[in-house]
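Hi everyone, thanks for coming along. I'd like to walk you through one structure today, so please have the viewer open and follow with me.

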Amino acid sequence: MELSTAIAPGTVQGTVRTSVGHVDPRIERARPNIYRFSALVAQLGLLLAVFRVYHVEQFRGPDDLDFFAMCCVAFGAFAVHYWLPFRFKEKFWVIVSMASAALFLQRRVTIALFAAGFLFYLIAASRWSFRKRAAIATTVFLAAMFSSAKSEWFVHLRHGLSIPESFWPVFGGIFMFRLIVYFYDLQSAKAKPSLVEFLAYFFILPNYLFLFFPVIDFKTMRVTYYRRDIHESAQQGIFWICRGTVHLLLYMIVFHVRDMLTLNGIRSFPAVVAMMFLTFMLYLRVSGQFHIIVGLLHLFGYDLPETNHKYLLSHSLNDFWRRINIYWKDFMVKIVYFPVYFRLRKKNDFGARMLATAMVFVVTWVLHSYQTFWLQGRFIMTWQDTLFWSILGSLVMVNVWWELRHPKRRKDTSWAARLRTTASIVVTMSLILVIWSLWSAPSVRAWIDFLTWWHPRF
Amino acid sequence: MDQAQGIKEQLRQFILKEFLPGESPANLTDDTPLRTSGVLDSMATLQVVTFVEEHFGIEVEAHEAGVENFDSLNSIAAFVAQKKANK
């Protein structure tokens with residue numbers, strides 16, 4: 001990535017010059033300005049109008065105003081948060097986020113969620129050794145996982161404890177991955193994170209609505225907190241909210257066109273290609289939501305990185321893996337790739353890279369089923385899933401091997417190079433569309449039937 | 001030039017040469033985000049880790065190769081200086 005596109009002007013950390021060595025530079029970055037604040041609020045107001053007029057995220061009908069209400073709460077909270085002294089800002093955001101749980105979730109779900117959160121915090125903040133704390137947290141989490149099972153005994157237990165069924169997906173949506181990241185970072189933390197940092201990491205307002213949530217990195221969240229001037233950070237956030245909104249609007253079009261195509265039947269090669277493309281483009285809902293989630297966090301000073309970066313322009317499979325759901329890739333690098341690679345690199349650097357890459361895809365495959373368990377209540381291990389991750393993982397490994405053998409040395413801006421890049425994008429995306437259609441198919445048989453549209457079927 | 005500045009200059013030259021060919025050195029400041037802006041991906045970070053280990057005689061562990069220590073020239077230089085001091 002080029003610096004000019006990677007970093008917008010003025011995004012540089014530590015631009016504040018202060019003669020006093022011990023003053024927190026973030027206080028200066030949070031300094032309010034009425035004119036710039038007005039510009040930000042005006043843009044947020046326009047966004048609310050767009051959400052309302054175009055029924056953004058109103059999939060359950062015209063009365064489904066949860067998303068709109070969540071944005072009203074977040075934007076309203078921004079208007080207050082902006083003017084607060086720096087020391088109160090994060091506490092205020094935590095209070096708003098936690099109070100919003102009561103607004104969007106059932107009361108018993110909220111209480112059970114807070115109880116679980118405080119239990120995990122007590123474990124993490126206790127004076128026991130790290131191993132003991134990690135073991136207890138894992139045991140508690142596994143116990144929760146088993147007790148969410150559908151067997152009769154557990155149903156009675158949950159009924160006895162008054163835990164509603166709707167608690168489990170929310171619990172999973174909040175803790176299933178971030179608890180892993182949190183404990184991984186806790187292992188090497190110089191100081192134990194505070195309660196506010198813990199709550200700010202786990203109880204994030206949009207998470208109650210968007211259970212499929214980007215795996216935010218704890219250290220990145222802390223490192224980027226008020227890393228730059230709030231106006232630049234918030235403006236970046238608004239830009240991402242806008243981009244996410246465009247993704248969600250396009251998703252609605254894709255959804256309807258795909259439905260029409262399905263009704264008309266797939267009876268030609270162009271129809272197959274169109275169906276593959278539209279199926280892949282359903283991902284717009286994920287990228288749209290992720291952009292909005294991280295954009296919202298920017299309004300409150302969390303200058304987090306981009307979640308998806310122009311994935312339709314991927315010029316290799318490795319590049320695709322780096323551009324789509326970047327937070328997942330970073331999560332895998334952190335908990336799988338680096339630990340495996342650093343352990344083995346002295347014996348065989350190339351082998352360590354290959355094994356680490358393979359492990360990333362195996363773990364990704366398993367964790368997708370684990371995620372489905374939490375969000376949908378059942379483990380799903382299908383052949384399509386297995387084939388998709390096996391093919392993608394193998395191709396990325398070949399790509400890694402190629403990149404190691406042919407490192408990119410110089411930026412080539414000739415027409416020939418541009419044509420090569422264009423061809424690479426077309427080939428890469430064609431390959432992605434094919435394997436993505438396999439992943440999305442109800443079965444391998446159905447996928448083969450879909451590809452062989454000329455064969456009569458009954 | 002003090003030790004930290006020397007580390008940063010060597011890193012700056014390395015990053016410009018390997019990952020930002022053709023980029024003006026003035027655009028890569030001491031605080032420019034590297035990991036969180038996408039300039040360094042996981043593979044590129046490993047190259048920086050190898051460079052740091054070979055040039056400054058330190059050993060980096062898996063949990064140390066994250067954003068905390070490898071997100072800017074400043075953070076890398078501080079990390080290297082700390083590792084050297086702890087040796």
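Predicted model: local features only at pLDDT ≥ 70, side-chain atom pairs only at ≥ 80, totals over all residues.

Let's start in chain A, with helix α18, residues 349-376, and helix α19, residues 383-405. Their axes come within 10 Å and cross at roughly 155 degrees. How are α18(A) and α19(A) oriented to each other? An angle over 145 degrees counts as roughly antiparallel, and so α18(A) and α19(A) are roughly antiparallel to each other. The hand of the α18(A) and α19(A) crossing is right-handed. On the α18(A) side, the residues making the contact include A:Phe350, A:Met354, A:Phe361 and A:Trp365. From α19(A), the contributors include A:Trp389, A:Leu392, A:Val396 and A:Leu404. Sorted by class, the residues of this α18(A) and α19(A) contact come out as eleven nonpolar, five polar and two charged.

Now turn to the other pairing of α18(A), the one with α17(A). Here the axes come within 8 Å, and the crossing is at roughly 150 degrees. That makes α17(A) and α18(A) roughly antiparallel to each other, and their crossing is right-handed. If you'd like to click through the α17(A) side, the list is A:Met332, A:Val336, A:Tyr337, A:Val340, A:Tyr341 and A:Leu344. Facing them from α18(A) are residues including A:Gly351, A:Ala356, A:Val360 and A:Val363. By class, the contact of α17(A) with α18(A) has twelve nonpolar residues, two polar and one charged.

The third pair has another geometry to look at. Helix α14 of chain A, residues 269-281, and α20(A) have axes that come within 9 Å and cross at roughly 70 degrees. Are they roughly parallel or roughly perpendicular? The range for roughly perpendicular is 65 to 115 degrees, so α14(A) and α20(A) are roughly perpendicular to each other. From α14(A), the contact uses A:Met276, A:Phe277, A:Thr279 and A:Phe280. From α20(A), it uses A:Ile432, A:Leu433, A:Val434, A:Trp436, A:Ser437 and A:Ser440. Seven of the residues in this α14(A) and α20(A) contact are nonpolar and three are polar, with no charged ones.

Let's stay with A:Ser437 for a moment. It sits in helix α20, residues 415-440, of chain A. A:Ser437 is buried, with 22 other C-beta atoms within 10 Å. Beyond its neighbours within four places in sequence, A:Ser437 is in contact with A:Met276, A:Thr279 and A:Trp447. So where is A:Ile163 relative to A:Ser437? The two are 274 residues apart along the chain, and their C-alpha atoms are separated by 38 Å.

On to the core. The largest nonpolar core has 122 residues, and those with the most contacts inside it are A:Ala74, A:Tyr337, A:Leu392 and B:Ile76. Which helix gives the most to this core? That is helix α17 of chain A, residues 326-344, with eleven residues. Not counting residues up to four places away in sequence, A:Tyr337 touches A:Met332, A:Ala356, A:Val360 and, from chain B, B:Ser42.

Next, A:Leu44, in helix α3 of chain A. A:Leu44 is buried, also with 22 other C-beta atoms within 10 Å. A:Leu44 and A:Ile241 are 197 residues apart along the chain, yet their C-alpha atoms are separated by 9.3 Å. Leaving out sequence neighbours within four places, A:Leu44 contacts A:Phe75, A:Phe78 and A:Ile238.

A:His55 is not a glycine, but has a positive phi of about 55 degrees; look for it in the loop between α3 and α4 of chain A. A:His55 is partly exposed, with 16 other C-beta atoms within 10 Å. A:Lys310 also has a positive phi, near 40 degrees, and is in the loop between α15 and α16 of chain A. A:Lys310 is exposed, with 10 other C-beta atoms within 10 Å.

Last stop, chain B. B:Glu53 lies in helix α2, residues 42-56, and is partly exposed, with 14 other C-beta atoms within 10 Å. B:Val80 is 27 residues from B:Glu53 in sequence and 9.0 Å from it in space, C-alpha to C-alpha.

Thanks, everyone, and over to you for discussion.

Conventions: Residues numbered from 1 in each chain as written. Chains lettered and ligands numbered in written order. Axes fitted to C-alpha atoms, helices over the stretch in contact; angles between N-to-C directions. Helix = DSSP H or I, 4+ residues; strand = E, 2+ residues; numbered from the N terminus. Parallel < 35°, antiparallel > 145°, perpendicular 65-115°, else oblique. Left-handed = near helix turned anticlockwise from the far one by under 90°. Contact = placed C-beta atoms within 7 Å. Nonpolar A, V, L, I, M, F, W, Y, C, P; charged D, E, K, R; others polar. Core = buried A, V, L, I, M, F, W, Y, C linked by C-beta atoms within 7 Å. Buried ≥ 20, exposed ≤ 12 C-beta atoms within 10 Å, placed from the backbone.
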